[in-house]
Structures are given as C-alpha cells and as structure tokens.
Amino acid sequence: MQSGEQRQRLIENLKQGGWLRTIRVTKAFQKVRREDFVPRRFREAAYIDEPLPIGEGQSISAPGMVAIMTELLEPKPGDSVLEVGTGSGYQAAILSKLVKKVYTTELEPRLAGEAKEKLKKAGCSNVEVVIGDGSGGYPKAAPFDRIVITCAAAEVPAPLKQQLKTGGMLVAPVGGSFTQILTRLKKKKNGRFEKNEYLRCIFVPLRH
Ligand code: SAH
C-alpha cells in the first residue's frame, strides 16, 4: 500500500475513534507526511498509531495522541502557538497548517537541528525552532494564543501560564514520570485557570 493510502486509512481510523473531530484538523493530517518525520528505519511503521523512537531516548508521539492534543487546542487561523518539546517536529508541522505562527522549543540540540531540516523540507515556513529549555517559555514571542507541552511535568511551569493570553488555552500531560493526565487549562479574564482533565497518557519527562 502506498503511503498516501496508508495515511488516509489511519485518518479514517482516527475519525472513527473520535480522535479527529474537525475538518480543519483532519485536513492538516492529510497534508503532513508522518513518514518524513520518523527515522528512516521506521518509515514502514509511520502510519501505525504508535509512538516511535527518534533517538536521544526520545520519541515521536502516536498520531492518535497528536490528533487528541491538536483538537483540544482548538487552533484558530490567526493564532500564535508555543510548543515545548519539538522532538521530531511532527506536532509542529501539523500545527503549522492550522495557525499563523508556531514557535517550538527543544532542549536537545541534535533533535532541534534535525526537526528544523525536516520542517523546512516539508515547507512549514511558519515554524521557528528554538534550542533550549522550554519550561521558561519563549518571552521574545510571548504572549501566545495556545501552548502545547509534549513532555511530562508534575505541574505546568509558571512562566508558561504567564505567557498565555487571556482566553488562551494550554494542553499538557500533567503528572508523574510513569503516567500523566492530559490536561487543558483555559486562562480566564481574572487571570485564573479553568482546568479540564482528559485521558491518561505516557510522555517522556520534561527535563531542565
Ligand atoms: N512533539 C514531539 C514529541 C516530543 S517528545 C513530536 O511531535 O515528535 C518530547 C520532547 O521534549 C523530546 O524531544 C525532549 O528532548 C523534549 N524536552 C524535554 N524537556 C524539554 C524542555 N525543558 N524544553 C524543551 N524540550 C524538552
């Protein structure tokens, strides 16, 4: 089966499972070739709904998880988005099709460099890859309409909450190093956060 057919089949499954819910996010999944973001030796497995190793002990999230997180973010065309944990660059590539600008931070320089190359090749010109500890956010481009954290922490780092616009939303796996709860925070007018918890998940830890 060709990769385009495999991709379409995966998208159908994600729709049936309820992970892909909107036309906009579904279209973004159609546009991004996941095989271009996984290591060469795993290309055949690019359209299986599983995370895959990308080196340095890190992994590209399963497409289903990327779908859930992207839908929870409710991205809008004019949004400026911050991602913590570029990894392979796949989540950033999906977001790049949905919003105006994506800033993505990665602690591991080698992964950041590879992701930058892949994003460039994929034509994602509205993504800026920033090397460094993303737990302090990215003050240069703050505030953000949306923030997504793709590594796990016991708590959402305070600078990230600060760098979210009023009415903005942040999606993150929150919890211990073994499992976490996918959580969404919405910043209210009074500066407090409305919190919603979704499913249990497993992400690599946020490091400093
Ligand atoms: N979103 C990625 C998956 C990321 S895995 C994708 O689509 O492929 C989590 C990533 O977070 C890893 O690459 C890890 O190196 C990175 N990371 C961990 N702690 C970090 C920190 N404090 N700041 C930025 N990146 C971090």
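Colleague: What should I know before I start?
Modeller: This is a predicted model, so local features need pLDDT of at least 70, side-chain atom pairs count only at pLDDT 80 or more, and totals for chains, interfaces and linings use all residues. Residues are numbered from 1 along each chain as its sequence is written, and side-chain values use heavy atoms, with hydrogens and water left out.

Colleague: How many residues surround the ligand?
Modeller: A residue is near a molecule if one of its heavy atoms lies within 4 Å of it. Here 25 residues surround the ligand. The closest are Ser88, Glu106, Asp133, Gly134 and Arg207. The shell divides into nine nonpolar, twelve polar and four charged residues. Ala, Val, Leu, Ile, Met, Phe, Trp, Tyr, Cys and Pro count as nonpolar; Asp, Glu, Lys and Arg as charged; the others, Gly among them, as polar.

Colleague: Which element gives the largest share of the shell around the ligand?
Modeller: Strands are DSSP runs of E, at least two residues; helices are runs of H or I, at least four; both are numbered from the N terminus. Strand β2 gives the largest share, three residues.

Colleague: What about empty space?
Modeller: Rolling a probe the size of a water molecule over the atoms shows where empty space is left. On a 1 Å grid over the protein atoms alone, a cavity is a set of points where a 1.4 Å probe fits but cannot get out; lining residues have an atom within 4 Å of a point. The largest cavity has a volume of about 30 Å³, the space filled by probe spheres set on the points. Arg7, Leu10, Ile11, Phe29, Val32, Tyr47 and Tyr90 line it. Helix α1 (residues 3-16) gives the most to this lining, three residues.

Colleague: Where is proline 143?
Modeller: Proline 143 is in the loop between β5 (127-131) and β6 (144-149). The peptide bond from alanine 142 to proline 143 is cis, with omega near 0°.

Colleague: What is the phi of glutamate 56?
Modeller: Its phi is positive, about 60°, although glutamate 56 is not a glycine. Glutamate 56 lies in the loop between β1 (52-55) and β2.

Definitions and conventions
1 Å grid on protein atoms, 1.4 Å probe; cavity = no way out; pocket = protein on both sides within 12 Å on 5 of 7 lines; lining within 4 Å.
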